[in-house]
Amino acid sequence: MLLIASTSVFAQNLPPVISNTQFELSGNNLLTLTYDLEDAESDAVTVTFRATERGGLVFDFNTANATGDVGPGIASGTGKQIQWDYSAYATAQPDFRLMLVADDLQPVDIQAIVDQVDSTRLYDDLDFLEGIRHYTANPTHLQATKDFIEFQFQQNNLETYLHEFDYGNYGAANIIGRQIGTANEAQTYILGGHFDTVFDAPGADDNGSAVAGMLEAMRVLSPYSFKKSVKFIGFDLEEAGLVGSLKYVQNGILPGEGMAGMIDFEMIGYYSEAPNSQTLPAGFDILFQEAYNEVASQEFKGNFITDVGKTGNSQVLMDAYDSASTAFVPQLRVIPVEAPPAWQVLTPDLGRSDHAPFWVADIPAIMLTDGANFRNLNYHTPNDK
């Protein structure tokens, strides 16, 4: 029996804490769950109890008949108790997965969460990741990188597993850490980036910067709980033709899992205040006049992140990212670019990363990027350090 004890995200106060959780099954199909509850501000807490079978994606068992210290208005104290008649799900050896959520319904302080981002951790991760991560040119560092990502997910209490597939003689794997939602857990957001490199590049920006960013987002977000699920994914074999993300979209999405949106980190580490350090693809000024004018307004400096979405697919996700950046990281310059419906023909450069298979499958996705070779001239060379 696996118990997930969760708390919610709160503003200016400490969240309620569930501890000392124990359970007992009796012969009359009664499960008794005992726990201690503490809220530093002595707020009345809403406690939610949910259940499913072991390994279940969705907590869809009917627990409405649970009694005791469950529901709104639960005060702090020890020896809290919930009893649930599980007769409807009784088997010879009942094997459940349970979720217990405590929420003091306080407003969320997003800024306090954003402020936890630690540049030292980002630097240390990038320092470790730098080095050729290619399945034939340096399989040793590639495997060390995969092990590192998996270990970080496990250390931060995510449901961690590998989405494995073969690529010739190479045993490839997307590395997944799932932060389960507390209310609508079947709906999932993905934060991801590829961890491999081309055969001769140490890949600091491409794509070590993205992996470091994804891992830091994971560390900051993992202590909290959210209504929907979040998956952090390191994609394999992007440099071989988006192979890992294609495989994931084809057969890595779990049965019954809905994809609410995907954020693809693709080279986010290269920045320049030098005029004319940012170039643009041919025809960019015609197709994306507003974005072109914005870049030109600061002498084509490479001092921004590009938020790339797709018309009819990504607008809500783009708007959410842009507005959140403005509100909580106002010093970050963000320029949105919306790819046309015929992006594969008109703007293929906008589909050169792991968001593209999600676009093809009509799953909302955006790519965050520093512009790759249109800014970083070390792209795909031994100088990407």
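Reader: Is Trp343 buried or exposed?
Author: This is a predicted model. In it, Trp343 has 6% relative accessibility. The cut-off for buried is under 20%, so Trp343 counts as buried.

Reader: And Trp359, buried or exposed?
Author: Trp359 counts as buried, because its relative accessibility is 0%.

Reader: How many aromatic pairs does the structure hold?
Author: There are 16 aromatic pairs. In one of them, Phe284 and Phe288, the ring centres are 5.1 Å apart and the planes stand at 50°, so that pair is tilted. Phe284 and Phe288 are both buried.

Reader: What about Trp343 and Trp359, what kind of pair do they form?
Author: Trp343 and Trp359 are edge-to-face, with 75° between the planes and 5.1 Å from centre to centre.

Reader: Which parts does that pair tie together?
Author: Trp343 is in helix H9 (residues 343-346) and Trp359 is in helix H10 (residues 356-360), so the pair links parts that are 16 residues apart in sequence.

Reader: Which residues form an aromatic cluster?
Author: One cluster is made of Phe49, Phe61, Trp84, Tyr86, Tyr89 and Phe96.

Reader: What lies over the face of Phe304?
Author: Arg375 does, at 4.7 Å from the ring centre.

Reader: Switching to the sheet. What is the order of the eight strands?
Author: The order is E9-E10-E12-E11-E13-E16-E14-E15, in an open sheet with mixed pairing. Strand E9 (159-167) and strand E15 (334-339) are at the edges. Each has a single partner strand, so one side of each has no neighbour in the sheet. From one strand to the next, the twist averages 20°.

Reader: In what sense do E14 and E15 pair?
Author: Strand E14 (residues 305-310) pairs with E15 in the parallel sense, over six bridges. Thr306 stands opposite Ile335 in E15.

Reader: Which strands does helix H3 lie across?
Author: Helix H3 (residues 139-155) lies across E9, strand E10 (170-179) and strand E12 (228-235). H3 runs at about 20° to E10.

Reader: Last one. Where is Ala90 found?
Author: Ala90 is in the loop between strand E7 (77-85) and strand E8 (96-103). At 33% relative accessibility, Ala90 counts as partly exposed.

Reader: And how many Å apart in space are Ala90 and Gly241?
Author: Ala90 and Gly241 are 48 Å apart, C-alpha to C-alpha, and 151 residues apart in sequence.

Definitions and conventions: Residues numbered from 1 in each chain as written. Predicted model: local features only at pLDDT ≥ 70, side-chain atom pairs only at ≥ 80, totals over all residues. Heavy atoms only, no water. Phe/Tyr/Trp six-rings, centres within 6.5 Å; stacked < 30°, edge-to-face > 60°. Buried < 20%, exposed > 50% of the residue type's maximum accessible area, 1.4 Å probe, protein only. Helix = DSSP H or I, 4+ residues; strand = E, 2+ residues; numbered from the N terminus. Lys NZ or Arg CZ within 6 Å of the ring centre and 35° of its normal. Pairing = 2+ DSSP bridges. Axes fitted to C-alpha atoms, helices over the stretch in contact; angles between N-to-C directions. Contact = heavy atoms within 4.5 Å.
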